[in-house]
Amino acid sequence: MTALVRLRLVGFLRTGRALAPLLAGLVALGTLYGGGRAQPAEAYGVSAVVLFPVLAWQTKILLDVEPDVQRRLAQVTVGVARERAAGLLAAGVAALLTVAVALVFPWLVGGVTGPVDPGDRSVPAGLALGLWAHLLVVPAAVALGALASRASVGGAGYGVAVLALGGVGAVVLGLNGSAVPWLAPPIMATARTAAGDAAALTLLGLTLWALAWSAAVVGGYLWRRRAQG
Amino acid sequence: MRLENVWLRYHRRGPWVLRGVDVRIGPGEVAVVLGRNGVGKSTLLQVAAGVLRPGQGRVTDRPGRVGWVPERFPADQPFTVARYLTGMARVAGLSRAAADDAVTAWTDRLGLARFRAVRLPELSKGTAQKVGLAQAMLRPPGLLVLDEPWEGLDAATRELVPELIDEVLAADGAVLVSDHRGETIRLPGARRWTVADGALTEETPSADETVAVVEVAVPSARVASTIARLRAEGHQILRVRPDTSTDAPQPQPSAPPAALAPPVVGEAR
């Protein structure tokens with residue numbers, strides 16, 4: 001399966017379409033960090049929110065860039081389960097590469113600062129929280145992007161609609177006071193937690209919430225793939 | 001391998017493309033799938049290969065290694081021929097050294113050696129089809145599924161297809177092949193499955209079926225179209241040769257006039 005992950009990743013990176021989400025992500029992060037300096041945990045929390053739709057879009061492009069017949073050839077060669085898993089894994093690896101860029105970016109443009117007041121978090125603690133926030137976004141974004149992919153929804157228009165609904169819904173349903181926050185991945189809650197008092201139990205709860213949401217959406221993706229044949 | 005009462009349709013409320021197909025193919029057997037355009041030949045082949053899942057029924061005892069040559073090779077990919085085939089060989093489970101050896105062997109055999117560094121989108125249709133053939137053969141398949149494999153291939157490679165099929169059969173593999181050009185007459189021992197109205201019927205060969213060779217003379221300008229028409233009607237073109245005054249066929253009184261000025265003579269049966 002590693003060979004198929006590599007083949008799909010290389011196929012994605014060699015097309016010009018891989019640049020679009022990366023550039024969009026950099027523009028969004030540039031705008032974010034251009035507004036002023038923030039401490040790492042707070043900055044990375046918002047960065048993770050911004051990256052969620054970007055990573056979902058990147059996943060959709062990665063899965064869509066492979067011709068349908070090539071996907072079927074891979075399925076014949078390695079079997080249904082491995083073909084599905086290889087696509088999700090390749091998207092996950094691509095997302096981690098983008099996350100790495102997002103983590104380094106604010107240090108290059110001077111968008112982060114160290115502790116200002118005595119009670120502020122240390123830089124390593126802030127970095128760890130920021131890394132956690134970004135890693136939490138990856139499975140949710142990959143799941144949403146996969147659900148929006150051509151192999152799952154069929155037509156291109158439906159895919160864009162799923163992507164837009166998922167991206168906007170994650171922000172709107174995640175606002176403070178939302179009646180159904182569990183319908184969305186906890187990216188907003190993660191940003192709030194990273195900026196505030198990050199208790200261990202809260203971190204654990206948010207992690208489980210993100211994983212459960214991602215698993216449910218991946219389940220939907222696999223069901224759609226099965227229905228699409 | 002056996003297809004047991006296989007039903008398939010592409011959409012929940014769409015028409016059934018396959019209706020209760022029940023058929024078995026064993027090791028060392030080749031079956032030709034025949035039928036008009038759009039009757040479900042490719043669908044049947046894709047169910048057999050494991051690309052499509054039956055809506056009802058099931059496929060049992062499918063060999064572990066399946067080679068599938070799609071009707072149109074997906075050439076819109078950012079790889080060179082060598083990089084793509086090596087990647088597919090690795091996906092098929094070959095080690096790096098074995099993958100390199102297999103790619104070299106198959107590109108040489110299929111006349112792809114000079115295209116190894118060429119990107120897939122730059123290939124002609126026929127050359128891309130050869131890449132499709134190569135990827136299916138990189139790992140010896142227990143089931144080889146060929147969807148119109150002769151389409152777009154040059155004469156030398158068309159001759160090679162029955163050879164490849166024989167090799168798979170000799171290794172106790174099974175082969176399924178669809179064809180609308182009449183090329184499968186090159187597979188004399190093949191079972192013949194006809195798909196019509198979603199159902200599959202198998203032709204039983206008649207023991208007293210004899211074959212005759214007919215020489216036909218046509219103007220040079222109409223050679224290609226005549227060959228295509230004869231093949232479409234299921235005849236096999238044995239050879240095409242320039243006419244000479246010494247061996248030009250004389251029209252028989254009972255036969256219709258073959259041509260006014262026969263500069264080229266072909267044999268068909």
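Me: Why is W107(A) called partly exposed?

Reply: In this predicted model, W107(A) has a relative accessible area of 41%. Buried means under 20% and exposed means over 50%, with partly exposed in between, and therefore W107(A), at 41%, is called partly exposed. This residue is found in helix 5 (residues 80-108) of chain A.

Me: What does W107(A) touch, not counting residues up to four places away in sequence?

Reply: With those residues set aside, W107(A) touches P40(A), Y44(A), V112(A), V123(A) and L127(A), where contact means heavy atoms within 4.5 Å.

Me: What makes the link between the side chains of W107(A) and Y44(A) a polar contact?

Reply: The side chains of W107(A) and Y44(A) are joined at 2.8 Å, and a polar contact is a pair of N or O atoms within 3.5 Å, one able to donate a hydrogen and the other to accept it; the value of 2.8 Å lies within that cut-off, so the pair counts as a polar contact.

Me: Why are helix 1 of chain A and helix 3 of chain A called roughly perpendicular?

Reply: Helix 1 (residues 2-13) of chain A and helix 3 of chain A pack at an angle of about 105 degrees, with their axes 9 Å apart. Angles of 65 to 115 degrees count as roughly perpendicular, and therefore these two helices are described in that way. On the side of helix 1 of chain A the contact is made by R8(A), L9(A) and F12(A), and on the side of helix 3 of chain A by Q58(A), I61(A), L62(A) and L63(A).

Me: How do you know that the span of helix 8 of chain A is close to the expected one?

Reply: Helix 8 (residues 156-172) of chain A has 17 residues and reaches 24 Å from its first C-alpha to its last, which is close to the 24 Å expected at 1.5 Å a residue. Its buried residues are G159(A), L163(A), G166(A), G167(A), G169(A) and A170(A), and they pack against helix 3 (40-64), helix 6 (123-147), helix 7 (150-153) and helix 9 (187-195) of chain A.

Me: How do you know that strand 1 and strand 2 of chain B pair?

Reply: Strand 1 (residues 2-8) of chain B and strand 2 of chain B share four bridges in the antiparallel sense; since pairing asks for at least two bridges, these strands count as a pair.

Me: What makes strand 2 and strand 4 of chain B the edge strands?

Reply: Three strands of chain B form an open antiparallel sheet in the order 2-1-4, and strand 2 (18-24) and strand 4 (56-60) each pair on one side only.

Notes
Residues numbered from 1 in each chain as written. Chains lettered and ligands numbered in written order. Predicted model: local features only at pLDDT ≥ 70, side-chain atom pairs only at ≥ 80, totals over all residues. Heavy atoms only, no water. Buried < 20%, exposed > 50% of the residue type's maximum accessible area, 1.4 Å probe, protein only. Expected span 1.5 Å × (residues − 1). Axes fitted to C-alpha atoms, helices over the stretch in contact; angles between N-to-C directions. Parallel < 35°, antiparallel > 145°, perpendicular 65-115°, else oblique.
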